[in-house]
Structure formats: C-alpha cells, structure tokens
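This report walks through one protein chain, moving from its overall make-up to single residues. Please keep the sequence and the three-dimensional view side by side while reading.

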Amino acid sequence: MKRIAGIIATSIMILFPVMAQNVDEIDPTKLGTDTAQQKLQEVSVDRFENPGFWTVRMPLDNGLVEFRRFEGGPKDKEPIQAEVEAGIQEEDRYVLGVKASFFRRGPVEILVKPSRPIIVEGIVKTLSVWVVGRNFNHTLKVWIEDAFGNEAILTMGKLNFTGWKRLSVPLPTTLKQQDYHYGQKSGIRIKGFIIECDMMEAFGRYYVYFDDLRAVTDLFPIEVRDEDDMADNW
C-alpha cells in the first residue's frame, strides 16, 4: 500500500488530534499565537483554476485515480470582502474534480497534491475549502508544514454529505509559525490533501470536487517586517 502511506508515514513528524469544526463556529481571534496587534485577514490560497498545478496519487494495487477541471462551483460561496473593497477580480470559473476507480475493497488513501507546497504567510489561524463529498464515509485531511519544517496532518471532516460544503479546521498552537529571532519566517506551507477512504466504501468509483481554498491569517508580523531585512535562506 501503499506507496502513499509509506511516504506519509516517514515524512510526518507530528500528528495533531485536531478536529474540524463548523466554519461558523470558529473564532480566529481566539486561535493560535497572538501578536502585539492582530491584523486578521481572510485570503484566497487557491481557487483550483489551474489543474496543471495539482496532481493526484493512490497505490497502484488499489486502483487508478485521475483528475481534471470542470466549470462550476458552490452557489453559497461568498467573495472575500477585502478583495471586493480593493477591486480585485480574479478568474473563478472552475473546480478540480478527482475520480478514483478502485480495483478492490481495502484501506487506501488518495493524495491530492500541489506541484509545489503553497506558502501562506502570517500566523495562519484557520484553513477552509469547499468540497463535494458524495455522501461517502471517507475523511478529508490537510497536510501542512510550519515555517520551521514541522509537519502535521489535520482532519477537516467527514465527506458524508451531498452537494457542496465548506470544511474548515483551526490550526493548533503547537505549530511554530514565527520566531522572534527570525522575522523573515512565518506561516505554513500546504503540502496537499489526503482522502482517507473508509474500507467498507472503498469500491467502485468515487468522485470528489474541490474549490476555493482559503486561510484566515494574522498579517501583523508581515506588516512590521523591515523591507530591507536579510533573508536567512542560504
């Protein structure tokens, strides 16, 4: 199995028992490391407009997985207020569709991975993404890495619903998103999504769709950063 499981098992340094919450129940102002002043901002991380930026994997002895983009999206999705006020208009026509064709029933994970980790700066409080779950008992998780290389897999929620639903997860304070010695480093890197398939329902074909990955992040550490400061990236 289990090529994906092996990769993840060796690369995951920390596994946090963080459970997803209803997005409306999460108060970002009460999450994570506080700064002297909070400059919380909801930002768009990826709208899944470019399928070439993503790839999918699952163990070959369990089945095949493919992906492509489709026109559409959740009707209940609301624009980001800061983008509206700034007059920013980004293309938002497509979603990313993933289809898995199982050869046999069994425990299996599907990895939806960007071609390179997606950097989200600041002190990230929450992540959210719109998903069509198709009412299977599978579980969606997000694989992230903090600014100092510590990895974590956070559970976003079960996919046992029909239609579009926005899944979100708060980020634990155990992630190291800033250090007062290194002002150039902050935030997280998103390394992918993992669909943990329920063994009893891992057969036939499974379809899942993604749209509008967002983060709520505290941008205060970035705003106070000196523009001429040196980067410790050598």
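## Terms and overall make-up

Helices (H or I, at least four residues) and strands (E, at least two) are DSSP runs, and they are numbered from the N terminus. By this scheme the protein chain has 3 helices and 14 strands, and R134 is found in the loop between β7 and β8, the latter covering 139-146. The model is a predicted one, in which local features need pLDDT of at least 70 and side-chain atom pairs count only at pLDDT 80 or more, while totals for chains, interfaces and linings use all residues. Residues are numbered from 1 along each chain as its sequence is written, and side-chain values use heavy atoms, with hydrogens and water left out.

Of the 234 residues of the protein chain, 47% count as buried, where buried means under 20% relative accessible area, exposed means over 50%, and partly exposed lies in between (1.4 Å probe, protein chains only). A contact means heavy atoms within 4.5 Å. Among the contacts in the protein chain with a separation of 6 or more, 84% are between residues 24 or more positions apart.

R134 counts as partly exposed because its relative accessibility is 42%. The phi of R134 is near 65°, which is a positive value in a residue other than glycine. Most residues other than glycine have a negative phi.

N137 and G157 are 20 residues apart in sequence and 9.9 Å apart in space, C-alpha to C-alpha.

S128 lies in strand β7, which covers residues 123-132, and S128 counts as buried because its relative accessibility is 4%. Its side chain makes a polar contact of 3.0 Å with the side chain of R166. A polar contact is a pair of N or O atoms within 3.5 Å; within protein, one must be able to donate a hydrogen and the other to accept it, and residues adjacent in sequence count only if both atoms are side-chain atoms. Apart from neighbours within four places in sequence, the contacts of S128 include M156, R166 and D212.

D212 lies in strand β14, residues 205-218, and at 2% relative accessibility D212 counts as buried. The phi of D212 is near 55°, again a positive value in a residue other than glycine. D211 is also placed in strand β14, and D211 counts as buried because its relative accessibility is 0%. The side chains of D211 and K77 are joined by a polar contact of 2.7 Å. Leaving aside neighbours within four places in sequence, D211 is in contact with residues including R47, D92, V129 and W164, and D211 and E49, 162 residues apart in sequence, are 8.6 Å apart in space, C-alpha to C-alpha.

## The largest nonpolar core

A nonpolar core is a set of buried Ala, Val, Leu, Ile, Met, Phe, Trp, Tyr and Cys residues joined through side-chain atoms within 4.5 Å. The largest such core has 44 residues, of which L127, L140, I144, I190, F193 and F210 touch the most other members. Leaving aside neighbours within four places in sequence, L140 is in contact with residues including V129, L154, L167, F193 and F210.

## Lining of the largest pocket

Which strand supplies the largest share of the lining of the largest pocket? That share, 3 residues, comes from β12, and β8, β12 (182-186) and β13 (188-197) each supply at least two residues of the lining. The residues of the lining divide into 5 nonpolar, 5 polar and 6 charged, where Ala, Val, Leu, Ile, Met, Phe, Trp, Tyr, Cys and Pro count as nonpolar, Asp, Glu, Lys and Arg as charged, and the others, Gly among them, as polar.
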